[in-house]
Amino acid sequence: MNSNAAIAAFLNPEEIQDVQARLLNMLSEEILRYTGYESNSVPVETAQSLFESMLYCMTAYLNTLPDPYAAMRAFDLQQIFFSGLELVKQYVSECKQLLKKVKATRVQTELIAYNHTIDSEISLLLKGYDARFQAQKTTELSAMANISYPLFSDDLSVTGILYIRNYLLELLEENAFCAGYGKNYIRSLLLTHGVRHHLDYREMLVNIKELILEQK
Amino acid sequence: MDSRLSAVFSLNLFSDPTAAAQLLSLNEKTEPLGLTLSPTDVSALIQSRAEALNANGRIEIGSATIGRLVEAFCGSAYLSQQNYSPVLHELIELFYYYKNETLDLISDNELIAFMKDAFENRCGGSLDLLANRELQKLAENLRFGREDYTNMDPEPDELDEDEKEDLDEQ
């Protein structure tokens, strides 16, 4: 569920108006909560971001249901939002466990980007992740955190915790694939790649699985 | 969902439709002080608020700010019936402008309290001094992370090693 046109086609104009009115009330409450009830106004960009965060949580929840459009009609929007928020927080916990598994199954390599991503970048992202007010944001929350290591297959259509979760699941799969190849074999592939491109192989931004598949 | 806020909602939808009535009801409190707002004054102030929010790129929930400014400033020695409405217009603009300039690091009540204190005790009722000296200094203090941000005469910031070296070289 990510298409305005699809939603608009499903709901009639009166229902769309009703949904907008209810979302407006919810956004008002989120803005006040965001300021700790100490300010009644925020910059438009902040309100926009809070709105997107709210929608992110709601969409994350609705996409787990067999018929999200019917759920929008049947359930209270506030309840959908709180269910979504709870789900997003669960994903954060899940990602912490996934990161532990990734570390436990890591490829033994001197590739800096790979090690840096596993040892610090993902942790920083999870630490700085704001499920309530900036659920849709991935790397924007931390100046230090950026995901350096490129995946073999990266789903860039999602953001926020869904992206981080996908990234870790994919990395876990890649680790399992690379486990079928020796440490020295992988090192020689990286070294050769580095020599070919006149680079120190440790500093390259390359995907190990991709290098292995190219060689095959 | 269309997440472009401006395309979905109008800023006015966040306003309180009872704002005018609430402002007029404040006349009960301000009349003994010789200050009253007419329905026309109130409409103009509400319009001023909408324009100030728009000009400063802000969205406000409800319309309580004007009332809070009235309650804070109605006891001012520098207000008379003649300048009451014009001063309120100016205060509304200053409030939203400096909410941005202070990076939302200060609460609404604290900013209004600061404005009243400065206007009354340091600016002699001058809106120019309030805007261009006191509020500007407050914003600077907050942006520089100074703990005592209401201090209008702060100690110079401590220089770090690089800054000290640059100073010695000059």
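Reader: What am I looking at, and what are the ground rules?
Author: This is a predicted model, where local features need pLDDT of at least 70 and side-chain atom pairs count only at pLDDT 80 or more, while totals for chains, interfaces and linings use all residues. Residues are numbered from 1 along each chain as its sequence is written, chains are lettered from A and ligands numbered from 1 in the order in which they are written, and side-chain values use heavy atoms, with hydrogens and water left out.

Reader: OK, which residue does A:Arg73 form a salt bridge with?
Author: The partner is A:Glu15, and the closest N and O atoms are 2.8 Å apart. A:Arg73 lies in helix 4 of chain A and A:Glu15 in helix 2 (residues 13-34) of chain A, so the pair ties together parts that are 58 residues apart in sequence. The C-alpha atoms of A:Arg73 and A:Glu15 are separated by 8.5 Å.

Reader: Where does helix 4 of chain A run? And what counts as a helix?
Author: Helix 4 covers residues 68-74 of chain A. Helices (H or I, at least four residues) and strands (E, at least two) are DSSP runs, numbered from the N terminus.

Reader: How does A:Arg73 count by relative accessibility?
Author: A:Arg73 counts as partly exposed, at 45% relative accessibility. A:Glu15 also counts as partly exposed, at 22%. The cut-offs: buried is under 20% relative accessible area, exposed is over 50%, and partly exposed is in between (1.4 Å probe, protein chains only).

Reader: Which residue pairs with A:Arg22?
Author: A:Arg22 forms a salt bridge with A:Asp18, with the closest N and O atoms 3.2 Å apart. A:Arg22 and A:Asp18 are separated by about one helical turn, because they are four residues apart in helix 2 of chain A. A:Arg22 counts as partly exposed at 27% relative accessibility. A:Asp18 counts as partly exposed at 38%.

Reader: Now chain B. Which residue forms a salt bridge with B:Asp104?
Author: That is B:Arg58, with the closest N and O atoms 2.6 Å apart. B:Asp104 lies in the loop between helix 6 (84-101) and helix 7 (108-121) of chain B, and B:Arg58 in strand 1 (residues 58-60) of chain B, so the pair ties together parts that are 46 residues apart in sequence.

Reader: Is B:Arg58 buried or exposed?
Author: B:Arg58 is buried, with a relative accessible area of 0%. B:Asp104 counts as partly exposed, at 31% relative accessibility. Salt bridges that share partners also join B:Asp117, B:Arg122, B:Arg133 and B:Glu134 into one network.

Reader: New topic. How many aromatic pairs are there over all chains?
Author: The search finds 10. In A:Tyr114 and A:Tyr149, the ring centres are 5.0 Å apart and the planes are at 85°, so the pair is edge-to-face. A:Tyr114 lies in helix 6 (residues 112-128) of chain A and A:Tyr149 in the loop between helix 6 and helix 7 of chain A, so the pair ties together parts that are 35 residues apart in sequence.

Reader: What are the cut-offs for rings that pair?
Author: Rings of Phe, Tyr and Trp (its six-membered ring) pair if their centres lie within 6.5 Å; planes under 30 degrees apart count as stacked, over 60 as edge-to-face and the rest as tilted.

Reader: Is A:Tyr114 buried or exposed?
Author: A:Tyr114 is buried, with a relative accessible area of 1%. A:Tyr149 counts as buried too, at 2% relative accessibility. In chain B, B:Phe95 and B:Tyr96 form an edge-to-face pair, 5.1 Å centre to centre with 80° between the planes. B:Phe95 and B:Tyr96 are both buried.

Reader: Last one: which residues are buried in helix 8 of chain A?
Author: They are A:Ile186, A:Leu189, A:Leu190, A:His193 and A:Gly194. Seen down the axis of helix 8 of chain A, the buried residues fall within an arc of 135° (taken from the directions from the helix axis to the C-beta atoms), so they line one face of the helix. On the other side, A:Asn184, A:Val195 and A:Arg196 are exposed.

Methods:
Salt bridge = Lys/Arg side-chain N within 4 Å of Asp/Glu carboxyl O.
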